[in-house]
Amino acid sequence: MHITSKLPEIETTIFTIMSALANEHKALNLSQGFPNYPSSQKLNDLVTNAMNNGCNQYAPMAGNLDLRLAIANKYQLLYKSTYHPEKEITVTAGATQAIYTIISAFIRPKDEVIIFKPAYDCYQPAVEVNGGIIIPMQLSAPNYKINWEEVASKISSKTKMIIINSPHNPSGTIWSKADMQVLEKLTKNTNIIVLSDEVYEHIVFDNERHQSVCLFSDLKQRSFITASFGKTFHNTGWKIGYCCAPEELMLEFRKVHQFNVFSVNHPAQKGIADFMQDANTYLNLNEFFQHKRDLFLNLISESRFEFKPSKGTYFQVLDYSNITNEHDVDFAKRLTKDYKIAAIPLSVFNEKGKDDKVLRFCFAKTEDTLIKAAEILNNI
């Protein structure tokens with residue numbers, strides 16, 4: 001039987017490779033982006049209560065209504081922005097599913113999609129499997145600033161979608177208000193859909209404000225927001241996320257969503273809805289993660305690595321050009337094998353494997369883990 005792959009270039013992800021290598025060599029795993037500490041016991045108990053009180057059958061296709069109401073209240077509280085809980089919010093099996101479903105609902109063969117690289121690795125395959133064409137915008141370390149003149153030159157009648165991500169994984173940078181205003185101006189009076197990946201919206205540092213697309217009226221009318229409770233509540237394995245969009249966009253999203261997922265884990269949805277009644281469950285994350293970032297950077301301040309402090313997410317990019325000229329994939333593997341610490345090389349997210357000699361480390365770890373990691377890095 002001859003099979004022609006729809007994704008012939010796709011191989012095992014770098015996350016799987018580095019985590020497997022970390023396990024094999026018993027290395028500290030700062031590669032994959034997940035906490036190594038538990039989620040809230042209160043939240044766990046609320047999910048258990050939901051199970052014990054009957055939330056064990058299918059949730060509504062769009063999600064548990066209590067949860068959609070909690071999400072709507074959050075947008076009103078944080079951004080003074082309104083999303084209708086019945087028509088404009090859908091609960092998903094994580095943000096990645098939301099992203100894939102958005103792309104599947106709107107991208108047809110030969111449609112062009114602009115993405116900014118380094119880009120999270122689920123964007124491009126989702127476009128390509130639907131026959132779309134990626135138009136990459138390469139950003140460079142250490143600032144990862146956007147050249148808006150270049151972006152403008154790439155927009156054409158074929159441009160169907162622009163995918164943005166702030167706070168940005170893997171670089172740890174954030175988009176400014178000025179960036180969002182330029183994007184709003186470039187897309188005004190077009191049919192371009194903006195997919196805004198905002199899974200780290202609650203993890204922004206140094207008194208900066210997250211610039212959500214919902215803060216910009218014209219952008220909001222053409223945009224999807226995707227978000228993740230796994231990132232917010234330290235339980236990535238639950239795979240619960242959601243998306244928000246104007247009704248006419250969400251209608252098309254749900255046409256696809258109902259057939260590739262239909263609905264997601266009901267007791268987890270209900271437990272999260274009850275947990276969110278206290279807004280402090282998500283309002284204090286900036287301080288929580290900034291403490292971890294500052295601890296990690298203070299601990300490695302005497303190392304040979306160079307860095308600009310992360311402005312958001314729970315990732316820190318470290319420049320190793322003072323240590324070696326090795327390709328970042330090779331150096332990441334050697335660190336794991338020889339020094340027992342695992343990180344993610346950024347070239348795998350870049351156009352044509354551009355190698356800036358930087359690695360991404362996750363600091364969503366216990367203080368003990370961060371201290372051990374710093375001891376290793378300081379000796380390299």
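**Entry 1: the largest cavity**

I started with the lining of the largest cavity and sorted it by class: seven nonpolar, three polar and three charged residues. The model I am reading is a predicted one, so I kept that in mind from this entry onwards.

I then asked for the volume of this largest cavity, and it came out at about 70 Å³. Its lining has 13 residues, and those closest to the centre are Lys74, His202, Phe229, Thr232 and Tyr242. Which elements each supply at least two residues of that lining? I found strand 7 (223-228) and helix 9 (229-233). Helix 9 gives the largest share, with three residues.

**Entry 2: the second cavity**

How many cavities of 30 Å³ or more does a search of the whole structure find? The search returned two. I had one left to look at, then.

The second largest cavity has a volume of about 30 Å³. I listed its lining as Ile164, Asn165, Ser166, Trp175, Met180, Ser196, Glu198, His210 and Gln211. Sorted by class, that lining holds three nonpolar, five polar and one charged residues.

**Entry 3: Asn260**

Next I went to Asn260, which I found in helix 10 (residues 247-260). Is Asn260 buried or partly exposed? Its relative accessible area is 39%, so I noted Asn260 as partly exposed.

Setting aside residues up to four places away in sequence, I saw Asn260 touch Gln97, Tyr100 and Thr101. With Thr101 there is also a polar contact between the two side chains, at 3.1 Å.

**Entry 4: helix 11**

I turned to helix 11 (residues 266-275) and found it mostly covered, with nine of its 10 residues buried. The buried ones are His266, Pro267, Ala268, Gln269, Lys270, Gly271, Ile272, Ala273 and Phe275.

What covers them? My list includes helix 2 (41-52), helix 3 (65-79), strand 2 (89-92), helix 9 and helix 12 (280-283). Helix 9 was already in my notes for its three residues in the lining of the largest cavity.

I also looked at the start of helix 11. There, a side-chain oxygen of Asn265 comes within 2.9 Å of the backbone nitrogen of Ala268.

**Entry 5: helix 15**

In helix 15 (residues 367-377) I marked Thr369, Leu370, Ala373, Ala374, Ile376 and Leu377 as buried. Looking down the helix axis, I found these buried residues within an arc of 155 degrees, so they line one face of helix 15.

For the cover over the buried residues of helix 15 I noted several elements. Among them are strand 1 (28-29), helix 13 (285-299), strand 9 (315-319), helix 14 (328-339), strand 10 (341-342) and strand 12 (358-362).

**Entry 6: Gln316**

Strand 9 was on that list, and I picked out Gln316 within it. Is Gln316 buried or exposed? With a relative accessible area of 0%, Gln316 is buried.

The side chain of Gln316 reaches the backbone nitrogen of Ser310 at 2.8 Å. Beyond its neighbours within four places in sequence, I found Gln316 in contact with a list of residues that includes Arg293, Phe296, Leu297, Phe307, Lys308 and Pro309. Leu359, Arg360, Phe361 and Phe363 are also among its contacts.

Most residues other than glycine have a negative phi, and most peptide bonds are trans. I went looking for exceptions.

The peptide bond from Lys117 to Pro118 is cis, with omega near 10 degrees. Pro118 sits in the loop between strand 3 (112-117) and helix 5 (123-129). Ala141 and Pro142 are also joined by a cis peptide bond, with omega about 5 degrees. I placed Pro142 in the loop between strand 4 (133-138) and helix 6 (148-154).

Asn189 lies in the loop between helix 7 (177-187) and strand 6 (193-197), and at 72% relative accessible area it is exposed.

Lys239 has a positive phi too, near 55 degrees. I found Lys239 in the loop between helix 9 and strand 8 (241-244). Its relative accessibility is 41%, so Lys239 counts as partly exposed.

Terms used: Residues are numbered from 1 along each chain as its sequence is written. This is a predicted model: local features need pLDDT of at least 70, side-chain atom pairs count only at pLDDT 80 or more; totals for chains, interfaces and linings use all residues. Side-chain values use heavy atoms; hydrogens and water are left out. On a 1 Å grid over the protein atoms alone, a cavity is a set of points where a 1.4 Å probe fits but cannot get out, and a pocket is an open set with protein on both sides within 12 Å along at least five of seven lines; lining residues have an atom within 4 Å of a point. Grid points are joined across faces, edges and corners, and a volume is the space filled by probe spheres set on the points. Helices (H or I, at least four residues) and strands (E, at least two) are DSSP runs, numbered from the N terminus. Ala, Val, Leu, Ile, Met, Phe, Trp, Tyr, Cys and Pro count as nonpolar, Asp, Glu, Lys and Arg as charged, and the others, Gly among them, as polar. Buried means under 20% relative accessible area, exposed over 50%, partly exposed in between (1.4 Å probe, protein chains only). Contact means heavy atoms within 4.5 Å. A polar contact is a pair of N or O atoms within 3.5 Å; within protein, one must be able to donate a hydrogen and the other to accept it, and residues adjacent in sequence count only if both atoms are side-chain atoms. The arc is that of the directions from the helix axis to the C-beta atoms.
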